Amino acid sequence: VGYIKNGEWLEYSVTVANTASYRLEARVATIHSGRTFKVELDGTELATVTVPNTGSWTTFQTLTINNLTISSGQKLMRILATSDDFNLDR
């Protein structure tokens, strides 16, 4: 998803097999510093992620968010942009 704008969001239905601590990885790119997005699960914020300047719109960097405790079951995950102008690969 390219050139994301503040307030845009993506939603995914996910099935969490076991209640556990999980790691989330996001591949991001931008020519700006300090861009941010939130990761929400069933409407509860799990993390706010800061996207670094990767030097190019196509130079992606993997960001890792550790120790996200998530209970088992069917969940709705939302990625919510809280600033403009970054790209999200996966």
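Biologist: Why is the contact of Arg-23 and Glu-25 called a salt bridge?

Modeller: The term needs a side-chain nitrogen of Lys or Arg within 4 Å of a carboxyl oxygen of Asp or Glu. Here the N to O distance is 3.2 Å, so the pair qualifies. This is a predicted model: local features need pLDDT of at least 70, side-chain atom pairs count only at pLDDT 80 or more, and totals for chains, interfaces and linings use all residues. Side-chain values use heavy atoms, without hydrogens and water, and numbering starts from 1 along each chain as its sequence is written.

Biologist: What makes Arg-23 exposed, and what is Glu-25 called?

Modeller: Exposed means over 50% relative accessible area, buried under 20%, partly exposed in between (1.4 Å probe, protein chains only). Arg-23 has 58%, so Arg-23 is exposed. Glu-25 has 43%, so Glu-25 is partly exposed.

Biologist: How do you know that Asp-85 and Lys-5 form a salt bridge?

Modeller: Their N to O distance is 2.7 Å. The pair links distant parts of the chain, 80 residues apart. Lys-5 has a relative accessible area of 36%, so Lys-5 is partly exposed.

Biologist: What makes Arg-90 and Asp-89 a salt bridge?

Modeller: Their side chains meet at 3.6 Å, N to O. At 63%, Arg-90 is exposed; at 40%, Asp-89 is partly exposed.

Biologist: How many salt bridges does the structure hold?

Modeller: The count is 6.

Notes:
Helices (H or I, at least four residues) and strands (E, at least two) are DSSP runs, numbered from the N terminus.
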